[in-house]
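Please look over the sequence and the fold below.

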Amino acid sequence: MEQWTSSGDHRLCCLRCGHLFGHSCILKWLQCCVSANRRCPQCNKKAVERHIRFLYAKKISSKDTGELEKIKNDLHNVTAEKNNIQTELAQYKIRVNIYEQKVASMKNRIIELENQQIEINTHMNQNVSSLSAKKFHMERSIDISKDGECRILDYNPWYNILVVSQKATNILFTGYGVRRIDPTNLQAKQFIYLHSQAIRDITFHSMQPSLLLSVGFDKCAKLMDIQNNMVLHTFQTESPLWSCCWSGDNSNLLLVGAQNGSITRFDIRQISSPVDTLSGQSDRSPVVSMATVQPNPGSGIGRGGFIACQLNTCYAYESKNSNYLSKQVFLEGPFISVCYDEKSKHALISSRPNARQPYARHAVCTMERGSEEVIMCSVIHTFNAGNSQKLLSRPCHIYTENDTLIAAHQEASSNISIWSVTSGKQLQILPVSDPVMDLCSFTVHNDLLLASLSSKKLRLYNCGQITCA
């Protein structure tokens with residue numbers, strides 16, 4: 001703690017480690033320590049008396065530069081940080097310029113899109129106006145069944161015939177079959193007997209014009225030749241059947257949906273036994289409706305397959321390695337029907353009212369690719385159809401030149417509502433006196449027609465001359 005001197009007892013000296021001391025102080029320190037513990041009091045390195053070295057200087061002075069060095073070091077750090085900030089600032093200025101250019105480009109693009117939207121809206125309003133000018137009107141009505149057990153209908157464009165399911169009228173042959181209807185004059189033709197119990201679904205083959213598939217509560221699927229009015233084969237199952245469709249990935253495969261929730265696959269080339277039965281879902285409610293989906297790369301059912309609605313759940317089945325990969329469609333049920341529009345790639349999924357949704361709903365949606373187990377359902381429009389839907393009534397698509405329309409029965413208000421998929425607006429309401437079971441649209445001699453089937457009657461609505469897409 002005392003000032004060093006250039007001579008005398010407290011003259012300046014150092015140890016071998018380089019630390020400076022007064023001679024009397026360091027000598028006293030080393031002599032007081034045990035020989036084994038003699039160390040430099042600064043760095044704790046070993047030291048003995050012979051390590052003491054005297055330092056010779058004409059003038060001894062000491063200057064504390066620790067604070068100066070600290071300030072120099074801080075200045076260096078601040079300068080480096082300043083340089084970094086200036087570099088980052090220059091980079092951000094460049095980015096700001098780029099973003100300003102992008103914003104200007106986007107503003108121009110927005111103006112272009114707004115102008116295009118105005119043109120599209122104008123064109124769409126013109127189309128809607130032209131469609132509004134052409135209203136459906138009822139052209140003919142025909143009594144099909146006095147017992148009131150008609151259920152389903154389908155149209156065959158190759159032979160220009162409507163097929164309607166009904167109960168047999170011959171007292172000698174009880175059961176159910178289909179009635180051929182000539183849509184040009186709405187005249188009933190031949191009745192073909194098919195099932196011993198009620199028919200639940202029928203569908204024509206998309207590539208073989210004469211093949212008609214039907215299923216019923218008698219646990220049978222029938223394959224018939226509509227041209228020759230004869231049954232080609234009967235496929236037997238273990239449960240009453242509610243629905244059917246042809247597979248979109250293989251035209252030789254047909255699928256039937258049962259009351260116990262299972263789906264059975266048959267091959268028309270190997271009729272001895274079913275190919276397999278799909279029953280892996282936890283839902284055991286009836287498969288109420290099925291729709292064919294053709295391959296559409298990039299969609300949620302890219303390899304083709306079908307969509308099946310049970311009362312409580314809806315699944316899309318995509319072809320994969322000769323099997324089907326099931327993907328749940330997360331829409332709210334209870335479900336009543338599913339249709340698929342091959343032209344627009346839109347699915348039409350219909351539901352009854354529930355605790356959360358007080359209205360019956362017809363959802364027009366696209367199937368987008370999600371995960372291996374879930375399909376992304378992008379809803380384009382949801383058309384509300386009243387607060388009552390007791391019957392499993394099927395809606396249909398109507399194809400016009402510039403739009404696709406949706407026709408569906410509204411049970412609560414006793415009418416058939418027609419909506420535009422392009423605008424999302426309701427175009428027309430057709431009053432009906434009895435509940436509609438099924439709807440079907442088609443063209444005959446360029447006339448756009450809509451067939452409506454109740455439990456007893458078939459009605460034909462005409463929209464007049466129109467060029468369909």
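The points below are grouped by topic.

This is a predicted model: local features need pLDDT of at least 70, side-chain atom pairs count only at pLDDT 80 or more, and totals for chains, interfaces and linings use all residues. Residues are numbered from 1 along each chain as its sequence is written, and side-chain values use heavy atoms, with hydrogens and water left out.

**Salt bridges**

- The count comes to 15 salt bridges, each a side-chain nitrogen of Lys or Arg within 4 Å of a carboxyl oxygen of Asp or Glu.
- R303, E318, K327 and R369 are linked in a network of salt bridges.
- E318 sits in strand β19 (residues 314–320). Strands (E, at least two residues) and helices (H or I, at least four) are DSSP runs, numbered from the N terminus.
- E318 is buried, at 1% relative accessible area. Buried means under 20%, exposed over 50%, and partly exposed in between (1.4 Å probe, protein chains only).
- R303 bridges to E318, with the closest N and O atoms 3.6 Å apart. R303 lies in the loop between β17 (287–293) and β18 (305–310), 15 residues from E318. R303 is partly exposed at 40%.
- R369 also meets E318 in a salt bridge, at 3.6 Å from N to O. R369 lies in the loop between β23 and β24 (374–384), and the two residues are 51 apart. R369 is partly exposed at 40%.
- K167 pairs with E149 at 3.7 Å between the closest N and O atoms. K167 is in strand β6 (residues 161–167), while E149 is in the loop between β4 (137–143) and β5 (153–156). K167 is partly exposed at 28% relative accessibility, and E149 is partly exposed at 28%.

**Around E318**

- A polar atom of the E318 side chain lies 3.2 Å from the backbone nitrogen of G302.
- Leaving aside neighbours within four places in sequence, E318 is in contact (heavy atoms within 4.5 Å) with residues including G300, I301, N323, Y324 and L325.

**A buried arginine without a salt bridge**

- R352 lies in the loop between β22 (346–351) and β23 (361–368).
- R352 is buried but has no salt bridge. The nearest side chain of opposite charge, E411, is 7.1 Å away. For charge, Lys and Arg count as positive and Asp and Glu as negative; His and the chain ends are not counted.
- What does the side chain of R352 reach at 2.6 Å? The backbone oxygen of K390.
- Beyond four places in sequence, R352 touches residues among them L311, P334, Y359, Q389 and L392.

**Cysteines**

- The count comes to zero disulfides, a disulfide being a pair of cysteine sulfur atoms within 2.5 Å.
- The sulfur of C13 is 7.0 Å from the closest cysteine sulfur, in C14, so it is too far for a bond. C13 is buried, at 1% relative accessible area.
- C365 is in no disulfide; the nearest cysteine sulfur, in C377, is 3.3 Å away. C365 is buried, at 0%.

**Strand pairing**

- Three strands form an open, antiparallel sheet in the order β2-β1-β3. Two strands pair if DSSP finds at least two bridges between them.
- The edge strands are β2 (20–22) and β3 (53–54), each pairing on one side only.
- β1 (residues 12–14) pairs with β3 over two bridges, and the bridge partner of C14 is R53.
- β25 (residues 396–399) and β26 (residues 404–410) pair in the antiparallel sense over four bridges. A hairpin of four residues joins β25 to β26. C396 has A407 as its bridge partner in β26.

Notes. A polar contact is a pair of N or O atoms within 3.5 Å; within protein, one must be able to donate a hydrogen and the other to accept it, and residues adjacent in sequence count only if both atoms are side-chain atoms.
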